[in-house]
Amino acid sequence: MSYDLAIIGAGPAGMAAAVEAAAHGLRVVVLDEGGGPGGQIFRAVEQAAGDPALGADYAVGRALVGAFRAAGVEYRPLATLWHLDPDAGLLSVLAEGRTSTLAARRVLLATGAQERPVPIPGWTLPGVLTAGAGQILLKTAGVVPQGPTVLAGQGPLLRLVAAQLARAGAPPALILETTPPGRRRAVLRHLPGAWAGRGLLGRGLGLLLETRGLPRRQGVRELRAEGEGRLQRVVWDSGSIAAATLLLHEGVIPATHISRALGLDHAWDAAQQCWRPVTDAFGASSHAQVALAGDATGIGGWEAAMAAGHLAGLDAAYRLGRLDGAGLAYRAGPWLAARRRALALRPLLDALYAPPAAILAPADAVIACRCEEVTAGQVRQAARLGATGPNQLKAYLRCGMGPCQGRLCAPTVAALIAEVRGVPVESVGAYRPRAPYKPLTVAQLAGL
């Protein structure tokens with residue numbers, strides 16, 4: 001099968017791009033690992049949009065999904081892209097246990113973000129999850145944790161999950177905030193610029209007010225999970241609490257696995273402490289046939305992602321001859337303005353919720369690579385012996401060679417090597433992923 005535009009991901013950016021591109025006559029296919037459109041932010045929105053626990057934003061998500069469903073694009077759920085040859089325009093896809101290929105003149109990566117790893121002592125214990133994982137269970141199955149639940153970390157999502165659990169009748173027993181003391185005073189200089197994003201700021205303040213009655217501790221350090229066989233308690237520098245579930249969150253970072261495997265140009269984002277692909281205002285990358293949109297290019301939230309999706313869809317129509325330069329400029333103006341408004345609050349949020357140093361470079365005994373059970377101390381020792389970067393580290397240890405292919409350990413490994421070498425993290429580099437982007441069996445490969 002051949003298409004004008006193949007979109008990877010059906011979150012706000014992917015759906016918006018599909019709607020825009022289809023409106024300009026492009027033949028569009030959307031490949032989505034999820035079982036339905038919405039991405040993480042609007043996961044299972046068609047079934048759960050009326051759930052009061054999830055909040056008013058879900059109504060917006062349902063409208064976007066409705067427009068996506070009506071746009072006439074080909075939607076392939078439960079489909080995983082495992083290889084992409086952008087020069088030939090060929091995509092290899094795994095769906096229903098079988099592999100197949102399709103062709104596209106242009107590819108848009110709208111793969112979103114992943115939660116930043118939070119390597120603390122005990123984070124591999126059963127009962128310890130990310131806040132996003134807890135949110136998935138609530139959205140897809142209406143499941144809430146049984147027994148005392150602790151939320152630990154920082155960022156808007158932490159308060160959102162706390163509010164959603166409370167609305168669902170399972171409020172957290174305690175919120176442990178890791179934002180260092182004094183950080184709030186440091187962000188005052190960003191307040192004037194944040195005025196353009198006052199709508200988002202207002203919703204954030206609303207969450208703070210909604211959760212103000214929940215028990216919480218501020219300035220928490222030395223966080224760890226303890227238990228025999230599973231989580232039993234959460235301990236920090238000045239206290240402890242019995243817990244059956246611990247939900248960790250220290251912000252999100254772009255999902256760059258595919259963009260790195262393609263060799264696209266990336267830049268270090270000092271504010272968000274992560275790598276992001278280099279793109280222009282419309283999402284075009286360093287490869288002529290590949291574009292990116294949404295949080296895959298830098299964390300901005302669903303409103304910025306939706307605007308970026310529309311811009312990428314317009315750009316695809318322009319590059320494929322369905323829209324002239326004047327038409328592109330005219331139609332892009334409102335979406336460029338919408339994205340600016342949506343991103344106006346980011347400098348404040350990035351300054352307020354920058355990850356603590358202990359999260360980036362944990363103590364020696366902490367597991368850094370979950371797949372291969374490699375500790376932070378082992379990574380440090382390998383760096384002392386001569387491993388200058390994550391890829392060189394593979395000659396010493398198996399970090400980055402497990403089933404997750406380095407998605408979870410990459411930020412930690414780079415920070416640990418940089419610490420030992422006394423250099424900035426960005427100078428250490430990052431893993432070079434290879435296809436297949438997700439594990440597949442020999443039988444699935446042979447079926448191609």
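I began with Cys371, which is partly exposed, with a relative accessible area of 31%. The model I am reading is predicted.

Cys369 is in no disulfide. Its nearest cysteine sulfur belongs to Cys409 and is 4.3 Å away. Cys371 is in no disulfide either. For Cys371 the nearest cysteine sulfur is that of Cys404, 3.7 Å away. A reminder to myself: a disulfide is a covalent bond between the sulfur atoms of two cysteines.

**Entry on accessibility.** Is Cys369 buried or exposed? I found a relative accessibility of 2% for Cys369, so this residue counts as buried. Buried means under 20%. Cys371, at 31%, is partly exposed.

**Entry on the sheet.** Next I looked up an open sheet of three strands. The order is β12-β13-β14, and the pairing is antiparallel. Which strands are at the edges? They are β12, residues 224–226, and β14, residues 239–242. Each of these pairs on one side only. I also looked up the angle between neighbouring strands of this sheet. On average they are turned by 20 degrees against each other, direction ignored.

**Entry on one pair.** I followed β13, residues 233–236, to its partner β14. The two pair in the antiparallel sense over four bridges. Within this pair, I located Arg233, which stands opposite Ala242 in β14.

Technical notes:
Residues are numbered from 1 along each chain as its sequence is written. This is a predicted model: local features need pLDDT of at least 70, side-chain atom pairs count only at pLDDT 80 or more; totals for chains, interfaces and linings use all residues. Side-chain values use heavy atoms; hydrogens and water are left out. A disulfide is a pair of cysteine sulfur atoms within 2.5 Å. Buried means under 20% relative accessible area, exposed over 50%, partly exposed in between (1.4 Å probe, protein chains only). Two strands pair if DSSP finds at least two bridges between them. Axes are lines fitted to C-alpha atoms, for helices over the stretch in contact, and angles run from 0 to 180 degrees between N-to-C directions.
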